[in-house]
Amino acid sequence: MNTLTIERATALRAKLHEIPELSLNEDRTRKAIKDFLSEYNLEVHEHGKAIYAVSKGTEAKQNTAFRADFDAVAGADGTPGHYCGHDGHTAILCAFAAYVSEHEHRDNIYFIFQPAEETGEGAVLCTDILRENNIDKIYGFHNIPGYALGSVLTRDGTFACASTGLEISFTGAPSHAAYPELGANPCTAISELIVYMNGLLNAPHRGMLLGTVIGIDAGSESYGVSASSGKLCLTLRGEYQEEFENLVNSVSNRARELAKRDNLKVSLAEKERFPSTENHSENVKEIIFAAEKAGLTHIVLENPFRWSEDFGYYLKETDGAFFGIGDGENHPGLHTADYCFPDGIIESVLRVYEGIVYL
């Protein structure tokens with residue numbers, strides 16, 4: 001990988017870092033990506049709020065894709081910031097697209113730039129790019145603190161867990177606090193539902209399952225009035241898609257049963273759903289081969305990451321794999337105010353991508 005490509009990526013990342021934008025509002029970022037790609041011998045296409053570019057190969061027997069996300073995270077005060085490193089993901093893929101456009105290659109190479117990874121919406125908007133262009137395989141990465149700088153992290157099967165937010169709202173009827181039996185109070189249902197969920201998590205299962213109470217809101221501070229409405233917010237996670245779906249369905253069904261028993265109305269809404277990111281074995285082997293060929297440290301993960309990635313939607317459409325690159329053992333955590341993408345890992349990612357294309 002040449003120095004010019006690394007310099008291009010570093011300069012573009014600095015530019016993108018200054019214009020962070022929240023999911024589905026990435027107008028300036030999208031323009032910056034398009035402007036960069038348009039300087040090279042690439043077919044550049046707009047696809048709704050996404051962009052993809054194509055570099056045609058000499059043999060064109062396969063269509064290989066790489067994906068980057070470009071939305072930012074809302075800070076504690078709601079101000080956007082690149083606290084997850086998507087500025088780095090996008091800058092690297094832009095620079096790699098420029099490199100590929102200047103070097104002969106066999107396959108058709110697609111470069112997909114998607115919005116809204118943080119909400120789980122972006123990949124859903126882009127999966128038809130895979131279908132319309134008959135993409136045979138797709139690759140992506142995420143930068144990960146806590147691991148040696150530039151190390152390559154892989155895992156066959158589930159790399160990142162499925163998850164969803166689950167908002168459960170109960171509505172009953174008010175009554176005087178001295179006569180709660182005359183109303184319909186949702187608090188017993190809420191407390192029993194939490195106990196029920198914990199029971200499911202403690203039962204035997206094949207992979208990791210997790211349920212986290214995100215918030216509870218019920219009643220008021222009027223001590224003479226029995227609560228008549230309440231909301232329970234959960235985040236449910238699972239290593240295996242089937243077990244995850246069973247957890248979501250079981251908690252949802254139990255909420256309906258408790259509502260019926262206690263004369264409550266109930267509404268359920270899923271928020272920010274992500275599928276499990278399940279890597280394909282042959283594509284993981286390609287990443288490992290590319291990393292070893294480049295002389296990079298390679299780490300096989302024993303367990304999947306508990307966080308979620310909408311790249312899983314792509315892997316349900318076609319073959320491919322998602323990998324990690326270490327940010328450094330003591331690098332600040334993702335989604336924290338101190339986090340900033342380390343430019344020192346740019347070369348490692350580029351060399352893995354180069355190895356995949358030019359095996």
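Predicted model: local features only at pLDDT ≥ 70, side-chain atom pairs only at ≥ 80, totals over all residues.
**Exercise 1. Work out how the buried residues of helix 4 are arranged around its axis.**

Solution. Step 1: list them. Helix 4 spans residues 122-132, and its buried residues are Gly 122, Ala 123, Cys 126, Thr 127, Ile 129 and Leu 130. Step 2: check the arc. These residues cover only 150° around the axis, so they sit on the same side of helix 4. Step 3: recall the general rule. An α-helix has 3.6 residues a turn, so residues three or four places apart point the same way. Step 4: see what covers them. The cover includes strand 1, strand 2, strand 6, strand 7 and helix 8.

**Exercise 2. Decide whether Ser 151 is buried or exposed, and name its contacts.**

Solution. Begin with its place: Ser 151 is in the loop between strand 7 and strand 8. Next, take its relative accessible area, which is 1%. Buried means under 20%, so Ser 151 is buried. Leaving out residues up to four places away in sequence, Ser 151 touches Thr 297, Ile 299, Gly 324, Ile 325 and Gly 326.

**Exercise 3. Describe the largest pocket and its lining.**

Solution. Start with the space: about 370 Å³ lies in the largest pocket. Then turn to the lining, made of 17 residues; Arg 237, Phe 274, Trp 307, Ser 308 and His 335 lie nearest the centre. Strand 10, strand 14 and strand 15 each give two or more residues to this lining. Finally, sort by class: 4 nonpolar, 7 polar and 6 charged residues.

Technical notes: Residues numbered from 1 in each chain as written. Heavy atoms only, no water. Helix = DSSP H or I, 4+ residues; strand = E, 2+ residues; numbered from the N terminus. Buried < 20%, exposed > 50% of the residue type's maximum accessible area, 1.4 Å probe, protein only. Contact = heavy atoms within 4.5 Å. Arc of directions from axis to C-beta. 1 Å grid on protein atoms, 1.4 Å probe; cavity = no way out; pocket = protein on both sides within 12 Å on 5 of 7 lines; lining within 4 Å. Points joined across faces, edges and corners; volume = space filled by probe spheres on them. Nonpolar A, V, L, I, M, F, W, Y, C, P; charged D, E, K, R; others polar.
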